[in-house]
Amino acid sequence: MRHYHGTPLGGTRDSVARFIATGNRHFLVPFGREEDLPIVAEASTGFCLDNGAFSAWKTGKPIADWSPYYAWVEAWCRNPRFDFAFIPDVIDGTEEENDRLIEEFGCSAVGRFGVPVWHLNESLRRLARLVDDWTVIALGSSGEYAKPKTERWNRRMSDAMGVLCDEHGRPKARLHGLRMLDSAIVARYPFHSADSTNVAQNSQLLVRFGMYKPPTQAQRREVIASRIEATRSPSVWTPVTETQTFFELEAE
């Protein structure tokens, strides 16, 4: 499984470069915050490009013109370490809006490098259509399922796995979990890859480390990343029983 650590990472340029070049790591670089991209493209194992839709949704500033994003993807998609780029999407938008963005991206010069996003509040019918048409699909939390690991969220993910996996629990496409690198989530779902900004955010917060605090941000990055990378996804999806909860599974 590929664990994509979100950038920018923060800290000194030297310590960021060492972290990126160490440990067979993958990184996610968001549109508009590409300060780490030159070293990621040169020294990482692989990277993907994010369209910035989550930041636009959080700030309430929707992106009207995606042509600069297309140009950015085109500039980097031929790098040997480039893996894929997320197709533009509107979080909490309509399915019609997001289908139009997929069609528009597919008609661009970088269409073959794209990965579509299915949002958990969208219909399972749309998900079934995407899994028939694409070899990689990203799953994003939104709407009433915006908070991962809640019971509601887990039930919706179970519904999605019923569409995405065959009768043996094998995924019909490669699955990417957006903001889903939590170890309890990774251990539950058959992801090919997932991402989070855990390293970037929490390496700056000493309170997260309790009594035994690594003294430098570089050391804290390594501790967090090592914990994340220690968890792998299962090969197949195993449905939960009606009596099991997500939290019981997490404790197993």
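**Close-up 1. Helix α1 meets helix α10 through a handful of side chains.** On the α1 side you'll find Ser15, Val16 and Phe19, and they meet Ala218, Arg221, Glu222 and Ala225 in α10. Contact here means heavy atoms within 4.5 Å. Helices are DSSP runs (H or I, at least four residues), strands are E runs of at least two, and both are numbered from the N terminus. Sort the contact residues of α1 and α10 by type and you get four nonpolar, one polar and two charged. For that sorting, Ala, Val, Leu, Ile, Met, Phe, Trp, Tyr, Cys and Pro count as nonpolar, Asp, Glu, Lys and Arg as charged, and the others, Gly among them, as polar.

A quick word on the model: it is predicted, so local features need pLDDT of at least 70 and side-chain atom pairs count only at pLDDT 80 or more, while totals for chains, interfaces and linings use all residues. Residues are numbered from 1 along each chain as its sequence is written, and side-chain values use heavy atoms, with hydrogens and water left out.

**Close-up 2. Here are α1 and α10 again, now as a pair of axes.** The two helices pack at an angle of about 25°, with their axes 10 Å apart. (Axes are lines fitted to C-alpha atoms, for helices over the stretch in contact, and angles run from 0 to 180 degrees between N-to-C directions.) That angle makes α1 roughly parallel to α10; the labels are roughly parallel for angles under 35 degrees, roughly antiparallel over 145, roughly perpendicular from 65 to 115, and oblique for the rest.

**Close-up 3. Arginine 25 pairs up with glutamate 222 and with glutamate 229.** Both pairs are salt bridges, that is, a side-chain nitrogen of Lys or Arg within 4 Å of a carboxyl oxygen of Asp or Glu. For glutamate 222, the closest N and O atoms are 3.0 Å apart. Glutamate 222 sits in helix α10 (residues 217–229) and arginine 25 in the loop between α1 (13–21) and β2 (26–30), so this pair ties together parts 197 residues apart in sequence. (Buried means under 20%, exposed over 50%, partly exposed in between, using a 1.4 Å probe and protein chains only.) The bridge from arginine 25 to glutamate 229 comes in at 2.8 Å, N to O, and it links parts of the chain 204 residues apart.

**Close-up 4. Helices α5 and α6 run roughly parallel.** Helix α5 (residues 95–106) packs against helix α6 (residues 124–133) at about 15°, with the axes 12 Å apart. Their crossing is right-handed too. Glu95, Asn98, Asp99 and Ile102 of α5 make the contact with Arg126, Arg129 and Leu130 of α6. That set splits into two nonpolar, one polar and four charged residues.

**Close-up 5. Asp99, Glu122, Arg126 and Arg129 are joined in a salt-bridge network.** Zoom in on glutamate 122 and arginine 126, whose side chains meet at 2.6 Å, N to O. Both of these residues are buried.

Definitions and conventions
A crossing is left-handed if the near helix is turned anticlockwise from the far one by less than a right angle, and right-handed if clockwise.
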